[in-house]
Amino acid sequence: MKPDDLNPQAPVIYDSSCEILEPDEHEVEAGLIAALTEISETTFKHSGHATRSVHAKSHGLLQGEIEVLPGLPQTLAQGMFAQPGHWPVVMRLSTSPGDVLDDKVSTPRGLALKVVGVPGAAAARLPGSEQDVTQDFLMINGPAFSVAGAGKFLSTLKLLAKTTDKAPQLKKAFSALLRGAESMLESAGKQSTTLMSMGGHPVTHILGETFYSQVPLLCGPYMVKASIAPVSPALKALTGQALDIDGRPDGLRDAVCEFFATQDAEWELRLQLCTDLERMPLEDASVVWPEELSPFIPVARIRVPRQQAWSDARSKVVDDGMSFSPWHGLAAHRPLGSVMRVRKAAYVMSARFRSEHNGRSTAEPTQLEPFPD
């Protein structure tokens, strides 16, 4: 239902009928956990160190601050955006595979944002994070998810599990072929999320990317998708910039470290309200919500000063000691749709696996200390 049927652009108000369970969702959830566990066990067996089941390789581990902007419209002034404020943040830049690969295997990029110190009573938080003071946002550099729902997502992960940690040299060669195919599509004005997810992503600077939640979440009584976009001139200049990674297996990480050695950065956190459930569905995550129906509106600024952007010491704190999940947060920002429902237990499993195998707790921070370098 809509708050004003006479206004076709009015945001849709959430009710439970907006979400439709897939018939075998519990079985899909169990299958997802099994596939992700297989990935984690495979990589642990070969490396002796437990990493994330997906987005295992980090390219930047950053500390900064988020400022919620004043004067937001009532439809967006919800949850952590209800009042202007400042909080410290952690940003983790990554790529999607569960094994740590040479950057010549070019895959989609991720950005995980953890806001620390968000106010809210235990009753106002999502189940499992009642005693925490964090709000997490997980994003990918594409406006829509690669598949529509939970069942198809499981099929993709099963394939990923069977190819994890196998033939890394062949993966590099295959990635080059896929990048060529993707370039041909782009020259014709098209893109393939499948080709890019398999290793055909263009080799561009990760700091120039715009990141998207891809799947919707609540914003108080409304439904939104979120985005983080570069706004400082130095970041915007990197958008689409080709990156030479020949002979640099960690070329993305090197580029991030080179940037933050001398420069500051600023991003905008933006929200896009759902105004039409037919063209902006909750349960088909592969649909791009049209911006002509509802544009992304800035709600916060993220500022990151120059710093050492990655180090082994930082990796121990963030990669080993922190867990990022959209289920860490306020109930006002609960994730929506089947993809996110089945992933909830998977985030818990991944954090537990790393904690048990590395002997390191992944408890949520209550304050943010300066990272060691």
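## Strands, voids and a buried glutamate

Strand 1 (residues 57–68) and strand 2 pair in the antiparallel sense over eleven bridges. Strands are DSSP runs of E with at least two residues, helices are runs of H or I with at least four, and both are numbered from the N terminus. Two strands pair if DSSP finds at least two bridges between them. The model is predicted: local features need pLDDT of at least 70, side-chain atom pairs count only at pLDDT 80 or more, and totals for chains, interfaces and linings use all residues. Residues are numbered from 1 along each chain as its sequence is written, and side-chain values use heavy atoms, with hydrogens and water left out.

**Strand pairing**
- Glycine 60 stands opposite leucine 93 in strand 2.
- Strand 2 also pairs with strand 3 (residues 109–116), in the antiparallel sense, over seven bridges.
- Methionine 91 stands opposite leucine 113 in strand 3.
- Nine of the eleven residues of strand 2 (residues 85–95) are buried, so this strand is largely enclosed by the rest of the structure.
- Buried means under 20% relative accessible area, exposed over 50%, and partly exposed in between (1.4 Å probe, protein chains only).

**Cavity**
- The structure holds one cavity of 30 Å³ or more.
- The largest cavity has a volume of about 100 Å³.
- Its lining has 13 residues, and His59, Thr95, Asp103, Val105 and Thr107 are the closest to its centre.
- On a 1 Å grid over the protein atoms alone, a cavity is a set of points where a 1.4 Å probe fits but cannot get out; a pocket is an open set with protein on both sides within 12 Å along at least five of seven lines; lining residues have an atom within 4 Å of a point.
- Grid points are joined across faces, edges and corners, and a volume is the space filled by probe spheres set on the points.

**Second largest pocket**
- This pocket holds about 380 Å³ of space.
- It is lined by 22 residues, with His49, Thr51, Ala56, Val100 and Ser315 nearest its centre.
- Helix 1 (25–47), strand 1 and helix 7 (312–320) are the elements that give two or more residues to the lining.
- Helix 7 gives the most, with five residues.

**Glutamate 209**
- Glutamate 209 is found in the loop between helix 4 (193–197) and strand 5 (211–212).
- Glutamate 209 is buried, with a relative accessible area of 13%.
- Its side chain has a polar contact of 3.0 Å with that of arginine 109.
- Another polar contact, of 3.3 Å, joins the side chains of glutamate 209 and asparagine 141.
- A polar contact is a pair of N or O atoms within 3.5 Å; within protein, one must be able to donate a hydrogen and the other to accept it, and residues adjacent in sequence count only if both atoms are side-chain atoms.
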